[in-house]
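Subject: Structure for your review

Dear colleague,

Please find below the sequence and structure that I am handing over to you. My findings follow directly after it.

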Amino acid sequence: MARIQNETAYKATMERIEELLPLVDDHTPLNDKNLIELDLLSELAEEYEEEHYPIKSPALADVIKLRMYEMGLNQTKLSELLGVSPSRISDYLTGRSEPTLKVARDISKKLNIDANIILGI
């Protein structure tokens, strides 16, 4: 199967996808030419995006900051929740140090952050 070779071709593909989207829905027959074209173009666009626009895993510090915001926590309250000093929280948020396994486990459980993000995998 062909591949999208450059940004111009990618943009043209995305424009065509936008044109096809209103023409198909959940009830469109599988042998409909618009649905088939949409599927093929979507696969090509996905391959191009994975290569040229990869989505990286979020940094632990960023996820902790987001969760702090969502839970209405400041560094002091987070340090109390996790049982570490406020300066240690500051170290985690600036990337100067990483949490110990015990603290990482508490971060995962108490802040509901995926263990893979905490472990960097």
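Helix α7 supplies four residues to the lining of the largest pocket, the largest share from any element. Please bear in mind that this is a predicted model. The space in the largest pocket amounts to about 300 Å³. Its lining consists of 19 residues, and those closest to the centre are L60, E98, I117, I118 and G120. Two or more lining residues come from each of α3 (60–71), α6 and α7 (115–119).

Helix α1 (residues 7–20) packs with helix α2 (residues 33–52) at an angle of about 145 degrees, and their axes are 10 Å apart. The crossing of these two helices, α1 and α2, is left-handed. On the α1 side, the contact is made by E7, Y10, T13, M14, R16, I17 and L20. On the α2 side, N34, E37, L38, L41, S42, A45, Y48 and E49 take part. By class, the residues of this contact between α1 and α2 are eight nonpolar, three polar and four charged.

L82 belongs to helix α4 (residues 75–82), whereas D106 belongs to helix α6 (residues 101–111). Is L82 buried or exposed? L82 has a relative accessible area of 4%, so it is buried, the limit for that class being under 20%. D106 has a relative accessibility of 14% and therefore also counts as buried. Beyond residues up to four places away in sequence, L82 touches I89, D106, I107 and K110. With neighbours within four places left aside, D106 is in contact with L82 and L111.

Not counting residues up to four places away in sequence, S108 touches I113, D114, A115 and I118. Of these contacts, I118 is also one of the residues closest to the centre of the largest pocket. S108 and L35 are 73 residues apart in sequence, and their C-alpha atoms are 42 Å apart in space.

S97 is placed in the loop between α5 (86–94) and α6. At 18% relative accessibility, S97 counts as buried. S97 touches R88, D91 and Y92, with residues up to four places away in sequence not counted. N112 is placed in the loop between α6 and α7. Which backbone angle of N112 is positive, although N112 is not a glycine? The angle is phi, at about 55 degrees. N112 has a relative accessible area of 62% and is therefore exposed, since exposed means over 50%.

Yours sincerely

How values were computed. Residues are numbered from 1 along each chain as its sequence is written. This is a predicted model: local features need pLDDT of at least 70, side-chain atom pairs count only at pLDDT 80 or more; totals for chains, interfaces and linings use all residues. Side-chain values use heavy atoms; hydrogens and water are left out. Buried means under 20% relative accessible area, exposed over 50%, partly exposed in between (1.4 Å probe, protein chains only). Contact means heavy atoms within 4.5 Å. On a 1 Å grid over the protein atoms alone, a cavity is a set of points where a 1.4 Å probe fits but cannot get out, and a pocket is an open set with protein on both sides within 12 Å along at least five of seven lines; lining residues have an atom within 4 Å of a point. Grid points are joined across faces, edges and corners, and a volume is the space filled by probe spheres set on the points. Axes are lines fitted to C-alpha atoms, for helices over the stretch in contact, and angles run from 0 to 180 degrees between N-to-C directions. A crossing is left-handed if the near helix is turned anticlockwise from the far one by less than a right angle, and right-handed if clockwise. Ala, Val, Leu, Ile, Met, Phe, Trp, Tyr, Cys and Pro count as nonpolar, Asp, Glu, Lys and Arg as charged, and the others, Gly among them, as polar.
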